[in-house]
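Please read it alongside the sequence and coordinates shown here.

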Amino acid sequence: MKADKRLISVAVGLVFFVPALLLDKIWGIFPAYLTLYALAWASAAWSVVVKAARNIRRGVIFDENFLMLIASIGAFAINLAFSDFETELCAPGGGEAMMDGVLVMLLYQVGEYFQALAVRRSRKNIRKLLSMRPDSAVVFRGGKETEVDPEDVEVGELTIVRAGERIALDGVVTDGASYVDTSMVTGESVPAYVRPGDEVKSGCIAVDGLLTVRTTKNFGESTATKMLRLVEEAADKKAKQETFITAFAKVYTPVVCAIALLVAVIPSLVQTFAFGVAAGEAWHSWIYTALSLLVVSCPCALVISVPLTFFSGIGGASRIGVLMKGSDCFSPYAKATVMAFDKTGTITMGRFSVKDVHTDDETLSMLAAAESKFNHPIAKAFASVDAHGCECTSAEDVSGKGIRAVVNGKRLDAGTKAFMSECGLTPDAVDSPYTVVHIAADGEYKGYVTVADTVKPDSIRAMKECREIGVRTVMLTGDRPEVAAAVAREVGIDEYRAGQLPQDKVTAVRELSKHGKVIFCGDGINDAPVLATADVGCAMGGVGSDSAIEAADVVVMHDDLTSVVAGRRHAKKVIRIAMENIVGSLLIKIAIMLLSVLLPALGVLVEFPLWIAIMGDVGVCLVAIANSMRALRCRK
């Protein structure tokens, strides 16, 4: 809406400005063009006057609004004060300075419009993210479906999600199946297929089926609410570059105003008393030059573009499911030379699966049928193995050793090497870092199967990408050294440290930090201390652990390590864009400021044109804003 008002003010200003320009340049009708120039200025400047007055009441005097008012009003003042009425003001072209004063305001408002347009575009991703917040939930109560506020749904209640509807609260599917659009939560474009027993997150959309979901978290702790809270908190945290620009502008603007005052006074006095130049001519020329200096020195390109860069950067990162908890995360993230990882749940899936099979198919099927009667992690590893119709009629868990079962009428013993020895058998000697399950049927040794935590498909690719960008990788795990070594070899990690307790991980990260910035990725409650210690803590899995998310700087909504690497590349890009805007804007402004003083001093120009100064200021601002918008683009 504000952008529309700016366009209206510019349009109305042009309605008065164009005829004023004709009356000034062609006929020199002073009363007419003065009135129209004044109306054009008022149309374009009214919002700037309001802002400047409001800021002055708050004690903020030297801002861009104040500078624009001084420059444009000063142009009118020197035109009227230093021009002869008969020979100049009433002659064609007599209102040149007034024309510049109106142009200052018109061009400034055009620049403000494009700034507002850029901000609206950078907020687009954030608004899209906010749209994931569900307005209502359909809950099954008293034998019927009732639509209620999501905040009123309790943990354990059954909610109904129809095709096209948004899942209101985190939960587990109890009935139905559907493809679920998770792009708003994880950044994944391919819908995930869910069935009974699968977890679903709030904010996702059921694509083509009816789901019954038993809630596992209340509304305040569900994924969508947490994401929104993180985004809101991110807006309140500023990067060093942002705070530097804010502090810089507070000093820079008054200094520039003082320099402009000196430029107006000292050369005028020198020319008048030392070189005999007419007082009116000298003061007119140098006051006009000082006004040009004020216009071009306006720090709006810096004040606008740098925060916009980081805001756009946060929005861009959210596209791939990486939530930055503040713009102060970007600098250490970009400078990190080491990425440290927890193993279970971060590099691996935290779920066992069958690794190597050294037995016949029939025995493996019998073992799968027997393990289906149990719920411990190793038993779950055989869930994907086809039992081929084998029937388990009895099963017994021998605590800490293995299982005994009867499958297809045969006695089955499966477990550790020691368990086999207790059964009077001599198992094969196995040299494996993984968990070994020896198997015997009817007292005959049948071989073994190894079971291990499954490495995530993206982990190997993430380590490769780290090597490509020169980042050293370290795995910190509480697991046994032989298991850690096997996982490190499989995924291509540079270094690993096994047997690490939470306090050991903190010590290790502090040691690694001596050689550069460190990113640590983890997902569990025990990772909270090291996530808080690292230069950048990345909580994996979106809503893994409340304490991990609280301690982390970055939350990766999709459980994917390649997103962490993509986030670092994006952070480097955002920092680079911010520095381009800072250095480029200052260099261009300093160059124009020097020219605005030197050209009149050397006699190349009588006075530096005000419209060139405003074009320099608005042009630099627009280029910086356009550069900032590049931070919206982020991809793996």
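In this predicted model, the axes of helix 2 (residues 30-57) and helix 3 (residues 64-81) approach within 9 Å and cross at roughly 155°. Helix 2 and helix 3 are therefore roughly antiparallel to each other, as the angle is over 145 degrees. Their crossing is left-handed. The protein as a whole has 23 helices and 22 strands.

**Helix packing**

- On the helix 2 side, the contact with helix 3 is made by Phe 30, Leu 34, Tyr 37, Ala 38, Trp 41, Val 48, Val 49, Lys 51, Ala 52 and Asn 55.
- Helix 3 contributes Asn 65, Phe 66, Leu 69, Ser 72, Ile 73, Phe 76 and Leu 80 to this contact.
- A second pair is formed by helix 10 (residues 279-296) and helix 22 (residues 561-601), whose axes come within 9 Å and cross at roughly 175°.
- Helix 10 and helix 22 are therefore also roughly antiparallel to each other.
- Trp 286, Thr 289, Leu 293 and Val 296 of helix 10 make the contact with Lys 589, Ile 592, Met 593, Ser 596, Val 597, Pro 600 and Ala 601 of helix 22.

**Annotated transmembrane regions**

- An unreviewed UniProt entry carries the annotation "transmembrane region" for residues 32-53, 65-82, 102-119, 247-266, 286-311, 582-602 and 608-626.
- In the model, residues 32-53 are 100% helix and 0% strand, with end C-alpha atoms 29 Å apart.
- Residues 582-602 are 95% helix and 0% strand, and the end C-alpha atoms of this span are 30 Å apart.

**Buried positions**

- Of the 636 residues in the protein, 51% are buried.
- Val 574, placed in helix 22, has a relative accessible area of 0% and is therefore buried.
- Beyond its neighbours within four places in sequence, Val 574 is in contact with Thr 309, Phe 310, Gly 313, Phe 330 and Ala 631.
- The C-alpha atoms of Val 574 and Phe 311 are 9.8 Å apart, although the two residues are separated by 263 residues along the chain.
- Thr 212 belongs to strand 9 (residues 211-215) and is buried, because its relative accessible area is 14%, under the 20% cut-off.
- Leaving out residues up to four places away in sequence, Thr 212 touches Leu 158, Thr 159, Ile 160, Val 172, Val 173, Thr 174 and Asp 175.

- In helix 18 (residues 481-491), the buried residues include Val 483, Ala 484, Ala 485, Ala 486, Val 487, Ala 488 and Val 491.

**Cysteines**

- A search of the whole structure returns 0 disulfides.
- Cys 90 counts as partly exposed because its relative accessibility is 30%.
- Cys 204 counts as buried because its relative accessibility is 3%.

**Contact range**

- Among contacts between residues at least 6 apart in sequence, 67% join residues at least 24 apart.

Technical notes. Residues numbered from 1 in each chain as written. Predicted model: local features only at pLDDT ≥ 70, side-chain atom pairs only at ≥ 80, totals over all residues. Heavy atoms only, no water. Disulfide = S-S within 2.5 Å. Buried < 20%, exposed > 50% of the residue type's maximum accessible area, 1.4 Å probe, protein only. UniProt positions renumbered as here; feature names shortened; annotations may be inferred. Helix = DSSP H or I, 4+ residues; strand = E, 2+ residues; numbered from the N terminus. Contact = heavy atoms within 4.5 Å. Axes fitted to C-alpha atoms, helices over the stretch in contact; angles between N-to-C directions. Parallel < 35°, antiparallel > 145°, perpendicular 65-115°, else oblique. Left-handed = near helix turned anticlockwise from the far one by under 90°.
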